[in-house]
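Here is a friendly walk through a two-chain model, taken one contact at a time. Keep the viewer open as you read.

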Amino acid sequence: MLFNSFYFLFFFIVVTVLYYTISYTKRWLLLLLSSCYFYMAFVPLYIFILGFTIVVDYVAGIYIEKAQGKRRKYFLVVSLIANIGILCIFKYYNFINDNFSFLLHGFGLSNPIPYLQILLPIGLSFHTFQAMSYTIEVYRGNQKAERHFGIYSLYVMFYPQLVAGPIERPQNLLKQFRQEHKFDSERVFEGLKIMVWGFFKKLVIADRLGIYVNGAYNNVEQQNGMTLLLATIFFSFQIYCDFSGYSDIAIGTARVMGFDLMTNFKRPIFAKSTGNFWKRWHISLSTWFKDYLYFPMGGSKVSVPRWYFNLMVVFLISGLWHGANWTYIIWGGINGFYLVFAIVTQKYRDKFNAFIHIDKFPRFFLFPQVLITFLLISFSRIFFRARTVEDALKIIKKILTFKGSVFNDGTGIILYSCFGIAFLVAVEFKREYYKGSFTLSNHPNFWVRNSYYSFLVILILLFGVFDGGQFIYFQF
Amino acid sequence: MATSFKKILTQKGYWYLIFKILAFLILFFILDFILGGFLGKLYFKQTSGWEYRTKYSIEDTRADILIFGASRAQQQYNPFFFEERLKQTCYNVGRDGEPFFYYYAIFKGILKRYTPKMIILDIENGVFRAEQTSYDRISVLLPFYKNHPEMRSVIKLKGPFEKYKLQSKVYPYNSMLFKILIGNAEFNKKRSIDINGYVPLSRALNEPTRSVNISQKYDLDANKLNLYQSFINECLKANIKLYIVCSPYYINLIGSDTSMTIAKNVAKSNSIQFFDFSKDDFFLKNPNLFDDTVHVNIEGAKIFSNKLIDSIILNSAYKN
């Protein structure tokens, strides 16, 4: 069931009304059943895969807590193998096999191992990572093992964030299932407002940009450099609005029912450096990698070459997490390289910044900093969006010619896209730099506030793409 | 009264939420009503552009001969020659990229006002192919939902929630704002010539033909097939002379297309004349008559329109 469908709206209303009418001790059951229904609306059979990891991690959690010494580690390893194993089978098996075939082909051999004809379960990487964070936290002693099987299942399956995050931590989410969330109309309205903004980002901006981006990136041969350049810039906004739009709807949906999910985006389009970007983009995944991979490897408290190595490993794995394709791995590699390069050149950049007195005119230098970061991130996303590495290289080559005129199909797609981007940038700029002033969304006057949200809904109806399909991050 | 109103505003219970939602809905519907009404006025006041042609086809044309189809109708049939040689008024209601749903809905809208004497229906390969985009494209008909009940059955095919979305006055004009504004300016008239709905193309190809095998199987859309049959039935019922035509390609088509085979069989079983120019040798040997491989240019349209008129005259003479 897609968030951007009318089915979801009906589902959401029914579940929310039931949620507040039944006793709070039974709410976990309602949420669990509705989450099962939500997930099964995609491919019903895949609920069994989810069920398998839930059972393994639930049992592992209890045994990790009970066991002593090395046995605790064994149970953790069993849980991690089960989760990563499922990921490997469904997400990486064919990719590994494909590369193995390529290798054998180099020696003139053919690959006898068959390919699997399976669909990737929706949101697999998200709920697997959330499940792993539970057993790791139990192992570390930061979280008590959950004895209530239903509540543990709900932790993995909570429908607002089941298929595309935010990837929650047990310390934040599990306890909320036991709390009585009393009806609070302010919270409900606050949640609805977050949802409206999420729908705006998805329907008005992301799906509109998607039409242009898909047209360009799916027919690389037929496009000129300028069209591909515009499509690349559009893709940066598309993926942000698509994913943060999903996160907003998820956070808003949970908020309506009294739950607080973690913030996943902090206006990444205004990041001043690539390092700063990763503190604002997909925060729940960045912090997951930081807590469970980067720090255990030693983080920055190791020798300098090892530090670089740690950063590169984290970003390469992050790329692989996104998809079983070399394009994602290269994307991860480029972003890892940006960070390493930033550290290597830190001394020289500090000297240069002192020379140009950047501290005296911080606002003056803000625009070039934001622009350079945006261009660097957009460049890496060519690999993220391209279907193959060959396509990505062709795109870069064509863009660098700066030739041709921008493709315009006459349907006003560029105008609509620019309108959406301008609206987004204006709202986010205000939130980033002028928080609390010129506010419409939180205006003290009830009617002004309400008019703003009515206007947003009108804009969705007027400019929204209602046939846009699913969210980009569902495939991960 | 004022005290109890203030009390509601400061509460945090269900009543407060209901009050807020009601206030939101009132504001929303007022804004929707004003903006939707304004857009509706602008939409129906257009004087050029694609939306104008759709509106003109449904609400204004009274031509004796109507030409239906997608871009291959719009850009290949010049009404001037039909009027000159058949001594009847002619309008080309074809619209670029539109599927069979569009032709049928326009036909229903026209039939409600008057009965044309002749209809030429351009059919292309793959016309009955099942594809989601065909349903998405029904959106161009949304502005007519309210005042054209005869078109509603087609518009509702867009999706199960369409009739609910159409409670909004703004939604019918979704993604049309800029087109409507341009349609009210003189810009379109300067940009493209429109001769009774016909839009001429000017480039000339200079390349050899390529071969394409069109025998591959694909899923058929039952709705499109049903509407095709209904189109024929209603023409027969209204005593409209119907000619179904497949216009020329500059592609060496190998095999036969599933949709085209069905279209021919249905036409034959209803005794409707079907003219197939898709493998016409004359056009295949003259790339200079094409703008691209599937659309003839202005010169090609002149030759093709006259060839078709010859066939129609011959067919009428034979029948008489």
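In H2(A), Trp28(A), Leu29(A), Leu31(A), Leu32(A), Ser35(A), Cys36(A) and Tyr39(A) meet Gly150(A), Ile151(A), Ser153(A), Leu154(A) and Met157(A) of H6(A). Contact here means that the C-beta atoms of two residues, placed from the backbone, lie within 7 Å. By class, the contact of H2(A) with H6(A) has nine nonpolar, three polar and no charged residues. For these classes, Ala, Val, Leu, Ile, Met, Phe, Trp, Tyr, Cys and Pro count as nonpolar, Asp, Glu, Lys and Arg as charged, and the others, Gly among them, as polar.

Before going further, please note that this is a predicted model, in which local features need pLDDT of at least 70, side-chain atom pairs count only at pLDDT 80 or more, and totals for chains, interfaces and linings use all residues. Residues are numbered from 1 along each chain as its sequence is written, while chains are lettered from A and ligands numbered from 1 in the order in which they are written. Helices (H or I, at least four residues) and strands (E, at least two) are DSSP runs, numbered from the N terminus.

How do the axes of these helices cross? Helix H2 (residues 27-40) and helix H6 (residues 149-157) of chain A have axes that come within 9 Å and cross at roughly 40°. Axes are lines fitted to C-alpha atoms, for helices over the stretch in contact, and angles run from 0 to 180 degrees between N-to-C directions. H2(A) and H6(A) are therefore oblique to each other; angles under 35 degrees count as roughly parallel, over 145 as roughly antiparallel, 65 to 115 as roughly perpendicular and the rest as oblique. H2(A) passes H6(A) in a left-handed crossing, one where the near helix is turned anticlockwise from the far one by less than a right angle (clockwise would be right-handed).

## A perpendicular pair in chain A

Now find helix H9 (residues 225-256) and helix H15 (residues 362-385) of chain A, whose axes come within 9 Å and cross at roughly 90°. That makes H9(A) roughly perpendicular to H15(A). H9(A) contributes Thr232(A), Ile233(A), Phe235(A), Ser236(A) and Ile239(A) to the contact, and H15(A) contributes Phe374(A), Ile377(A), Ser378(A), Arg381(A), Ile382(A) and Arg385(A). The residues of this contact of H9(A) with H15(A) divide into six nonpolar, three polar and two charged.

## A buried isoleucine

Ile421(A) is found in helix H17 (residues 413-433) of chain A. Is Ile421(A) buried or exposed? Ile421(A) is buried, with 20 other C-beta atoms within 10 Å. A residue is buried if 20 or more other C-beta atoms lie within 10 Å of its own, exposed if 12 or fewer, and partly exposed in between, with C-beta atoms placed from the backbone.

Leaving aside neighbours within four places in sequence, Ile421(A) is in contact with Ile205(A) and Phe237(A). Ile421(A) and Phe234(A) are 187 residues apart in sequence, yet 8.7 Å apart in space, C-alpha to C-alpha.

Chain B has 15 helices and nine strands, and its C-alpha trace spans about 85 × 40 × 40 Å along its principal axes. Of its 320 residues, 42% count as buried. Five strands of chain B form an open sheet with parallel pairing, in the order S2-S1-S3-S5-S7. Strand S2 (90-92) and strand S7 (273-276) of chain B are the edge strands, each pairing on one side only. The twist averages 20° from one strand to the next.

Strand S3 (residues 118-122) of chain B pairs in the parallel sense with strand S5 (residues 241-246) of chain B over five bridges, and S1(B) pairs with S3(B) in the parallel sense over four bridges; two strands pair if DSSP finds at least two bridges between them. Ile119(B) stands opposite Leu242(B) in S5(B), Asp122(B) opposite Val245(B) in S5(B), and Ile67(B) opposite Ile120(B) in S3(B). Five of the five residues of S3(B) are buried, so S3(B) is largely enclosed by the rest of the structure.

## Where the chains touch

The contact between the chains takes 24 residues from chain B and 22 residues from chain A. On the side of chain B that touches chain A, helix H2 (14-44) and helix H10 (177-183) of chain B each supply at least two residues. The largest share of that side, 11 residues, comes from H2(B). By class, the side of chain B that touches chain A has 15 nonpolar, four polar and five charged residues.
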